[in-house]
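I opened this entry to record what I looked up in the structure, taking one topic at a time.

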Amino acid sequence: MLESGKNNRKILIIAGICLVVLAIIFVAIYGVFMPRGQAGEKTIGLTVVFSQDNQKEYKIHTDAENLGDALKEEKLVDGTQGEYGLYIETVDGVTADASNQEWWCITKGGETLNTSADLTPIADGEHYELTLSKW
Amino acid sequence: MVRKKRPLAIRDLVLMGLFSAILFGVQLAFAFLPNVELVSLLIILYTRHLKYRALPVIYVFVVLEGLVFGFGIWWFIYLYIWAVLFAMTMMMQKNQSLLGWAILSGGFGLCFGALGAVSYIFLSGPQAAFAWFVAGIPFDIAHGIGNFLACLVLFKPLDYLLARLEHQRIE
């Protein structure tokens, strides 16, 4: 009985150490591979597609290093803060109607992004699209 | 003494529906706090008390999430990620230590992004999966810490509540 209690404590200590080591490894991976935006002033293009025949073009001059900050600076987007940063609900005053399965899809040069706007680093000359889509 | 397996009674079905609704409600209630969620803790507790009957509770919650928020890529992650937590909890059924449950919950939060990235390997390729995982690491670390602390604080009172419910069900 006493032996089993000792073993359990040993397992817990090992599991706790593994958890901390894993967290340190993750921090190290992030330090090496984290997405870095280009520092300094830059200009990016943005197309907002409200519908097939209603689009707006923007040129954004910004010092921000990620797309989310650049769009927020211009007061172009609004939404709720989620686990992975801003979840865009409104673009240029137009709110996606979730009850109608609408959402704002972010693409870069036509290619779907796997990161939220806040986690998307930007560089000078890039072009992004925000399209009101249906799931 | 061998306890006979009882068939699902109406009371069980109602309770399971209620547990799914609680999962969904808690998820919505904490949605405004990034990286703080009680879904992991509740799934650990449900699995501990309901055993395999926790699976329908989890999947009703997953379907509800899809119906309300849409069936995006994240939803396909939900299809397996909560089952991983269920399986881990089933393997730890004999654990009586609060710290053990907190380590499980914290570890799950920490690995949430890594587990989610698995689906991106098939959908967008290994490079995109890795980029997605790396971008989410700060959130995963906060998720892990949040889960660990939430479990330390809330596990015992919620475990006691569910044990009382279980006791009433057997009576």
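Domain bounds, as I use them here, come from an automatic or database domain assignment. With that in mind, and noting that this is a predicted model, I read off for chain A a domain 1 covering 1-34 and a domain 2 covering 42-134. I then looked up how far apart these two domains of chain A sit, and their C-alpha centres lie 39 Å from one another.

Next I turned to the contact between the chains, to which chain A gives 23 residues and chain B gives 26 residues. Sorting the side of chain A by class, I noted 15 nonpolar, 7 polar and 1 charged residues.

My last entry concerns helix 4 of chain B, residues 73-91, where I checked the length against expectation: at 1.5 Å a residue its 19 residues should span 27 Å, and the end C-alpha atoms are 28 Å apart, which agrees. I also recorded that helix 4 of chain B bends by about 30 degrees at B:Leu79.

Which residues of helix 4 of chain B are buried? I listed B:Tyr78, B:Ile81, B:Trp82, B:Leu85, B:Phe86 and B:Thr89. Looking for what covers these buried residues, I found that the cover includes helix 2 (39-50), helix 3 (54-69) and helix 5 (98-124) of chain B.

Conventions
Residues numbered from 1 in each chain as written. Chains lettered and ligands numbered in written order. Predicted model: local features only at pLDDT ≥ 70, side-chain atom pairs only at ≥ 80, totals over all residues. Contact = placed C-beta atoms within 7 Å. Nonpolar A, V, L, I, M, F, W, Y, C, P; charged D, E, K, R; others polar. Helix = DSSP H or I, 4+ residues; strand = E, 2+ residues; numbered from the N terminus. Expected span 1.5 Å × (residues − 1). Bend = angle between axes of the 7 residues up to and from the residue. Buried ≥ 20, exposed ≤ 12 C-beta atoms within 10 Å, placed from the backbone.
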